[in-house]
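Student: I have a chain open on my screen and want to go through its fold. Can we start with how the strands are put together?

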Amino acid sequence: MNETENHAVVEMPGMEAFTFGDPIPVMEQWQTLYWGECHNHQLWYAPPYDPDALSKTMRASPHHSSAIFVKRNILASTFIPHPLLSHRDFSRLVLDYMTFGNAYIERVTSRSKKTMKLNVPLAKYMRVGVDAQSYYFATHSWAEPHKYKADNICHLIEPDINQEVYGAPEYLSALNAAWLDESATLFRRKYYLNGSHAGYILYINDPATNKEDIDAIRKALKDSKGPGNFRNLFMYSPNGKKDGIQILPISEVSANDDFFKIKEASRIDIAAAHRVPPQLMGASPTNAAGFGDLIKAARVFAVNELMPLQQTMLQINDWLGEEVIRFKDYSLLKDED
């Protein structure tokens, strides 16, 4: 062999750069939830959004659900019950309207066509017939869909700019904020339950460390996870050199305010979409000044948001030809000087 053949050629690894995924545009997210069209499903038109997704999102974020419930509660507190419509049924009607942008009232009549009772079918499963003369209650189960006559159903709609068959809730623009709020909470919970809070790399390049020592360190790190975590780890490396053992942090979630900033930004977006003063949602102020006068905020909220909702509910009276929906004055407005 010559001299060249006695030496193997070793190639050094080159520099490599990569990224973790690409940003997802908001428009792509909308295509999976809100498509703005009502597809023909033979008997009925499908809603322009996924009702099941909205019902699950309703409890994804405490700020999102709180904004809906506070509107429902205040509006229900001003409702005057009627023999045809109980306070409980009216409360369910408002909750459907605030969640789905649609609410339905069924008129139950006697043989003489006299109204005996008003029912509130679940808006999540109600569908508008393609003939525009009927409604269906479809639960997507083995049961046959129940058909209603059009003149027995009053359909309250939050107008949509893309179609006129169904309504759409006002908060659609805040869905990403609600999902982000949920994701941040779930991440924080998983981060806590992880036990070791693995946000670092233990880097060892000390030549004095042998395989038995490495195995012992590996076992100690594994045993520090789960219940009984936050154990202290002692390491002794005789004849080791400086920086032979290093901890390289990957994430500093536990040491900064990123989590709280995400939650705060999400809350602001959700409150803006619902237009509910934060103090009415049970939110705590983040500064010493607070949120201002609660009574004044509640009065402005009642005039700008609750009164228009009351006018929407009064459409039931026009359809029924009888004054069933009645409201008393909101107590904070009545006591205004």
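Tutor: A definition to begin with: two strands pair if DSSP finds at least two bridges between them. Keep in mind that this is a predicted model.

Student: Fine. How do E2 and E5 pair, then?

Tutor: E2 and strand E5 (residues 126–129) are antiparallel, with two bridges between them.

Student: How many bridges hold E1 to E2?

Tutor: Two bridges, and E1 and strand E2 (residues 44–45) run antiparallel. Asn40 stands opposite Tyr45 in E2.

Student: Which residue takes a positive phi in the hairpin of E5 and E6?

Tutor: Ala132, with phi near 60°. The hairpin has four residues between the strands.

Student: What is the strand order in the sheet with E3?

Tutor: E4-E3-E8, an open sheet of three strands with antiparallel pairing. Strand E4 (115–119) and strand E8 (153–157) are at the edges with a single partner strand each, so one side of each has no neighbour in the sheet. From one strand to the next the twist averages 20°.

Student: How many bridges are there between E3 and E4?

Tutor: Four, with strand E3 (residues 102–109) and E4 antiparallel. Arg107 is one to find in the viewer: its bridge partner in E4 is Leu118.

Student: Which helix lies across that sheet?

Tutor: Helix H4 (residues 87–100) lies across E3, E4 and E8. The helix runs at about 145° to E3.

Student: Switching to the core. Which residues touch the most other members?

Tutor: In the largest nonpolar core, which has 58 residues, they are Leu85, Phe90, Leu93, Ile105, Tyr135, Leu156 and Met313. As background, nonpolar side chains tend to be buried together in soluble globular proteins.

Student: Take Leu93. What does it touch?

Tutor: Leaving out residues up to four places away in sequence, Leu93 touches Ala103, Tyr104, Ile105, Val120, Leu156, Met313 and Ile316.

Student: There's a histidine I was curious about, His64. Buried or exposed?

Tutor: Buried: the relative accessibility of His64 is 2%, and the cut-off for buried is under 20%. His64 lies in helix H3 (residues 62–78).

Student: What surrounds it?

Tutor: With residues up to four places away in sequence not counted, His64 touches Thr57, Met58, Tyr171, Ala178, Ile270 and His274.

Student: Now the chain as a whole. How many helices and strands?

Tutor: The secondary structure comes to 10 helices and 10 strands. The chain has 337 residues, and 38% of them count as buried.

Methods
Residues numbered from 1 in each chain as written. Predicted model: local features only at pLDDT ≥ 70, side-chain atom pairs only at ≥ 80, totals over all residues. Heavy atoms only, no water. Core = buried A, V, L, I, M, F, W, Y, C linked by side-chain atoms within 4.5 Å. Buried < 20%, exposed > 50% of the residue type's maximum accessible area, 1.4 Å probe, protein only. Contact = heavy atoms within 4.5 Å. Axes fitted to C-alpha atoms, helices over the stretch in contact; angles between N-to-C directions.
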